[in-house]
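Okay, everyone, thanks for coming. Let me put the structure up, and then we'll walk through a few bits of it.

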Amino acid sequence: MIHVASSARISEKHQNRLRQEFSDVQFSFFEEMQGVLQVASDAEILITYGDDLDEEKVNDFPELRWIHVISAGVELLPFAALKNRSIQVTNARGIHEIPMGEHAVAVILQWTRRLHQYLDRQRQGEWDSSLHVEELSGKTVSILGTGAIGRGIAARLKAFGVRVLGMNTDGRPHPLFDEIVAPHDLERLLKVSDFVVVTLPLTSHTQGLIGARELAWMKPTACLINMGRGAVVDEAALLNALAEESIGGAILDVFEKEPLPKDHPFWSQKNVLITPHVSGRSPLYMSRALDLFSHNMKVYTSGKGEVINLLDPEREY
């Protein structure tokens, strides 16, 4: 019998769904890796959020053949060890398109119409109609990363009359974008953008991609939005740019260290909006993540069909 162990917190409702759907499969559900290690000796499949596994723990799973990560981020996985064992990895890439698309539009509109500043004045009981608001229509938004999340953002922005540019690994075009460039053309992209939205995964190639040089390419009125991974942006360089007001501001959902420390300078920056890594939150998150698992589980057990979201260990995504 195939044994599936899970270190991800999965509600009883969703546990029952999997047990009913795969009645001939043994499931062991835990809320942390320590529990899973008790049954690791014969676990063939592991469900995880991807942040609780290292090379040493991989060796505790002698029968492990497949890991399903129920998030998009996989940067903490021990890829060398997984490649050495030929353990396949799938993730939940694609399920964030709707919530993160809506989150991006929400914060861009909030920034454009200065709703956060009006809220500050509301709390102070201050009637102030002097704030300078703008229109989103006619603005240029560049999205770094044109996968499912980037496309979800682009599709929603087009309804507002926005010029949408993108960057991916090779500049391949997509109909939702007015233009897509490769990384070597990033300077040209940043120089014309009113908003720069980062949706990139964290890899050895993307770490620190947005640093002092790239921030200097941006317009002094432009806003940087990071919804990908904190370490894709050099936070020290960003703090410098914000303090010097060489860019207009930043909207940050992800950080190098999470939770963001209470004494971090980002908290007190007047030109920063902070959300606590919630852009992908949705009441449908787990249902969508397990839909992907169920599809791949049917492929795994039957040997028929195509695996969705199979990761390339060389590219680390």
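Axes here are lines fitted to C-alpha atoms, for helices over the stretch in contact, with angles from 0 to 180 degrees between N-to-C directions. Helices (H or I, at least four residues) and strands (E, at least two) are DSSP runs, numbered from the N terminus. Quick caveats: this is a predicted model, where local features need pLDDT of at least 70, side-chain atom pairs count only at pLDDT 80 or more, and totals for chains, interfaces and linings use all residues. Residues are numbered from 1 along each chain as its sequence is written, and side-chain values use heavy atoms, leaving out hydrogens and water.

Who touches whom? On helix 1 we've got His14, Arg17, Leu18 and Glu21; on helix 11, residues including Met286, Leu290, Phe293 and Lys298. Contact means heavy atoms within 4.5 Å.

Now look at helix 5 (residues 97-113) and helix 7 (residues 148-158): those axes come within 8 Å and cross at roughly 50 degrees. That makes helix 5 oblique to helix 7. Among the residues in contact are Ile98 and Val105 of helix 5, with Ile153 and Leu157 of helix 7.

Ala5 stands opposite Ser28 in strand 2.

Technical notes
Parallel < 35°, antiparallel > 145°, perpendicular 65-115°, else oblique. Pairing = 2+ DSSP bridges.
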